[in-house]
Amino acid sequence: MSFVNTLKQWDEAVACFERGDSAASLGTFLDIQEKNSKIFFNVGCLHLINKNLDAAEKAFDGSIGKDGHLAVAFFQRALTFYKKERYEESLADFQHAFRMLRGNQLIDYKPLGLRYKLYASEVLHNMALAHAQLGQWEKAKETILTALNLRTEAKLSHIDRGLECILKQKVFEPVEVPAKVLFKPNKNYVAELEKKDYLGKAKVVSSIVFQDDFSGFAPLQPQDISVAPHRALEEGEPHTVLFEFVPETSDELAVVPGNIVFVLNSGEDNWASVIFNERRGLVPYNFLERLEITLSSKQDQSCQIEESSLCVVKVHFTYTITMCMVPGLPYTTTLEKISNKLGLPAMAITLSYAHLDSGKIVIDEDTRMEDVWSCVHNGRLTLWCDLKEGMSEQLQSQNQLMALHSYESSTPEDLEFHQGDTILLLSKVNEDWFEGQCNGKIGIFPASFVEEVPMKDK
């Protein structure tokens, strides 16, 4: 079965479930021949709703077999074992789910299509319950106290009730994944399933034949192809790839830093449809940077960009940025490009590079830029950037933003903050997205969620 057919059935099964037809949903999921870990997970959840515990256990086995790092699948299989009164196996799976959190307080599965947050404190809550069922009351008490220390939200009050029950040596109800949630397929892929008529119906607008209504194909006519524009530039905007992206599905494209792609469109979900090497696919938009090309350069160069003429420059500041440059640029141009990327005045920063014989060397107006660019290796150059003395406090006061709304991260690259937080602006990714620092963390966030701090408040 093709990926497209799997996606269609997956989307249809979720739609049936949301309409309240669980039986049709389960039947559609079971008909899928090539099930991934998320589909197996959905099948297990539907079997749990139907109280078919043996089938649920088998489905969660399949989910874990496809993805041994899916913590929520271990959590659900542990619940299945608990309902089957196999408490030792239940405890082992809860412990495995907790290890999969890798020290994080929660995993938000929303970016993967499941509207559920798996909290470390709730995993420990269920671990304490399994210890209690095994008569290990001291271990149950230690575990539930650890859960209380890791609790991040007041709504998790059931952990308090769990402690009260353990102190009285009574069991309590486990935390379960809500019965109304399932993994959904990526909406970008689902949207691509709909057939689209890109050409439309042809219409005769001029003909030497009276009342001509023929809209078919005529024989090809000779044409001058020397003035034909490059198709890629007609269809999309050129962008430089900043970070490596490894595809997880057949609809995504593999790209590495320095590649030139042409963006056809981008959505609010941060995915961009691009053309690269005559292939079309999806890449994250925040992995790209727009490449400015003038109309004259498009015409003079026949609209072709030689990737070999570009080099990836990595600049280590208080954080690290990556950008593409043409080797051989003069000092002032290089400094301007880097300062613009950092969002800092050129006069405020000092650049340096590493030489094999001399170590780190400061770059200034007197530096031979040929020596700097000679350090390019495999199309890459590393530079360092430092603030000049006395500029740190001055710039920090100039680049402060105030959060107008709370922003909850949906990807590891996002910066999470709350309304009223002060954010230090590090750079402007594009018109809609900024990069900043807040509460000791660095990430990107929507520009519309912040405003500049008035001068009197700085």
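Figure 1. The axes of helix H3 (residues 37-49) and helix H4 (residues 53-66) come within 8 Å of each other and cross at roughly 165°, where axes are lines fitted to C-alpha atoms, for helices over the stretch in contact, and angles run from 0 to 180 degrees between N-to-C directions. H3 is therefore roughly antiparallel to H4, a label given to angles over 145 degrees, while those under 35 count as roughly parallel, 65 to 115 as roughly perpendicular and the rest as oblique. On the H3 side the contact is made by Ser37, Phe40, Phe41, Val43, Gly44, Cys45, His47 and Leu48, and on the H4 side by Leu53, Ala55, Ala56, Ala59, Phe60, Gly62, Ser63 and Lys66, with contact taken as heavy atoms within 4.5 Å. Sorted by class, the residues of the contact of H3 with H4 are 10 nonpolar, 5 polar and 1 charged; here Ala, Val, Leu, Ile, Met, Phe, Trp, Tyr, Cys and Pro count as nonpolar, Asp, Glu, Lys and Arg as charged, and the others, Gly among them, as polar. In the loop between H3 and H4 sits Lys51, which has a positive phi of about 60° although it is not a glycine. Lys51 is exposed, with a relative accessible area of 69%, given that exposed means over 50%, buried under 20% and partly exposed in between (1.4 Å probe, protein chains only).

The model is a predicted one, in which local features need pLDDT of at least 70 and side-chain atom pairs count only at pLDDT 80 or more, while totals for chains, interfaces and linings use all residues. Residues are numbered from 1 along each chain as its sequence is written, and side-chain values use heavy atoms, with hydrogens and water left out.

**Figure 2. Helix H9 with helix H8.** The axes of helix H8 (residues 137-150) and H9 come within 10 Å and cross at roughly 160°. That angle makes H8 roughly antiparallel to H9, and the crossing of H8 and H9 is left-handed. From H8, the residues Trp137, Ala140, Lys141, Ile144, Leu145, Ala147 and Leu148 take part in the contact, and from H9 the residues Ile159, Asp160, Gly162, Leu163, Ile166 and Leu167. The contact of H8 with H9 divides into 10 nonpolar, 1 polar and 2 charged residues.

**Figure 3. Helix H9 with helix H7.** Helix H7 (residues 120-133) and helix H9 (residues 158-167) have axes that come within 10 Å and cross at roughly 20°. H7 and H9 are therefore roughly parallel to each other, and H7 passes H9 in a left-handed crossing. In this contact Ser121, Glu122, His125 and Ala128 of H7 meet His158, Ile159 and Ile166 of H9, and the residues divide into 3 nonpolar, 3 polar and 1 charged. In the loop between H9 and helix H10 (187-193) lies Gln169, whose phi is positive, at about 55°, although Gln169 is not a glycine.

Figure 4. Helix H1 (residues 3-18) has 16 residues and reaches 23 Å from its first C-alpha to its last, close to the 22 Å expected at 1.5 Å a residue, the expected span being 1.5 Å times one less than the number of residues. Buried residues in H1 are Thr6, Leu7, Gln9, Trp10, Ala13, Val14, Cys16 and Phe17. H1 is followed by Gly20, which has a positive phi near 95°. Thr28, which lies in helix H2 (residues 22-31), is buried with a relative accessible area of 11%. Not counting residues up to four places away in sequence, Thr28 touches Gln9, Glu12 and Ala13.

**Figure 5. Cys311 in strand E8, with the chain as a whole.** Cys311 is found in strand E8 (residues 311-316), and at 1% relative accessibility Cys311 counts as buried. Cys311 and Arg380 are 69 residues apart in sequence, yet 5.5 Å apart in space, C-alpha to C-alpha. Leaving aside neighbours within four places in sequence, Cys311 is in contact with Met323, Cys324, Met325, Pro327, Trp373, Val376, Gly379 and Leu381. The chain has 15 helices and 17 strands, which are DSSP runs numbered from the N terminus, helices (H or I) having at least four residues and strands (E) at least two. Buried residues make up 41% of the 458 residues in the chain.

How values were computed. Left-handed = near helix turned anticlockwise from the far one by under 90°.
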